[in-house]
Amino acid sequence: MDSKFDRDAYLSNILDGPDSHARIWSTEFSENGFSTHFPMALIALERLGADDATLRAFGNNPVGLDKKESDGLRPATVALMNESDFVARLGVGDSHDGYFEYFVDRMGAGVSLPNIDQLIPGLAASAFHGLIRLAYGLEVSSQTETATGLAIIADRYLAPMPLTGDLTEAGPGVFLSKVKSIFEEHLAGRFPVSNSQLNISGRIMFLARQSAPREQIADLLAQGVPSLDEIAEASLFIFSNSNNFTALHAVTATHAACVVANHLKDTRPLRYALA
């Protein structure tokens, strides 16, 4: 590796510098609303031991991304976020910049994960991309990336099954057995199928509005909150038996949830929302 190249300083500048990636580039690109993976991929490349030339080539060329002011992107209509705005604009989808600055300000004041309890029920936001980006930020201690992950969850907040009542622990194997049963019903055509033109976020939102899967999920979660290991196993089961791209994101989100769980006193709401 190039002895003159400071890898830590290079990544720090991209992730947390005054012209950091999150401050210049949108979290989504194209009219289809695809999520930006560039910061996460850059971190993964460094962790996997990419040589200096590869790291710099990738880091200097965020191909295919649209700047925030580019045509076709949803503009942030809320520049400054107060506590009233925070609740009122959850999931509206036009306030990423406001949420981002809100979290940066509070993290700068020493709050590690501002408003995390309010955000956990909406972790399905942007097909788990907010949760995943949050985990990457936490793993490399990047305040900017952590704030970005939180802002994605807030701006795209999606809670198919809001938290209700006391949360109890599910017995071993209960969750996985029920998931397999629901999956068999899916294969039998008993649930509505989303439009194939929808992206994965759109498919999750479509299913969240359908009564049949919601009833199944409510019955499933009424039996208790599963462990993260069982959620991971269930996600892997669905993906390995369907090659479903949305299920693959649930697999990745389970690891992200493990990272975030290390920063929580009670992980049951996190596990409930992910399940």
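**Reading a helix pair in a predicted model**

Leu228, Ile231, Ala232, Ser235, Leu236, Ile238 and Phe239 of helix 13 touch Ala247, Leu248, Ala250, Val251, Thr254, Ala257, Cys258 and Ala261 of helix 14. Contact means heavy atoms within 4.5 Å, and helices are DSSP runs of H or I with at least four residues, numbered from the N terminus.

Me: What kind of model is this, and how are residues numbered?

Reply: The model is predicted: local features need pLDDT of at least 70, side-chain atom pairs count only at pLDDT 80 or more, and totals for chains, interfaces and linings use all residues. Residues are numbered from 1 along each chain as its sequence is written, and side-chain values use heavy atoms, leaving out hydrogens and water.

Me: At what angle do helix 13 and helix 14 pack?

Reply: Two packed helices are described by the angle between their axes and the distance between the axes. Here helix 13 (residues 228-242) and helix 14 (residues 245-261) pack at about 165°, with axes 8 Å apart. The pair is therefore roughly antiparallel (angles over 145 degrees).

Me: Which residues in helix 10 are buried?

Reply: Buried means under 20% relative accessible area (1.4 Å probe, protein chains only). In helix 10 this holds for Phe175, Leu176, Lys178, Val179, Ile182, Phe183 and Glu185. Of the chain's 275 residues, 46% are buried.

Me: Why does the span of helix 10 agree with its 14 residues?

Reply: The expected span is 1.5 Å times one less than the number of residues. Helix 10 (residues 174-187) should therefore span 20 Å, and its end C-alpha atoms are 20 Å apart. Glycine 189, with a positive phi near 80°, follows helix 10.

Methods: Buried means under 20% relative accessible area, exposed over 50%, partly exposed in between (1.4 Å probe, protein chains only). Helices (H or I, at least four residues) and strands (E, at least two) are DSSP runs, numbered from the N terminus. Axes are lines fitted to C-alpha atoms, for helices over the stretch in contact, and angles run from 0 to 180 degrees between N-to-C directions. Angles under 35 degrees count as roughly parallel, over 145 as roughly antiparallel, 65 to 115 as roughly perpendicular and the rest as oblique.
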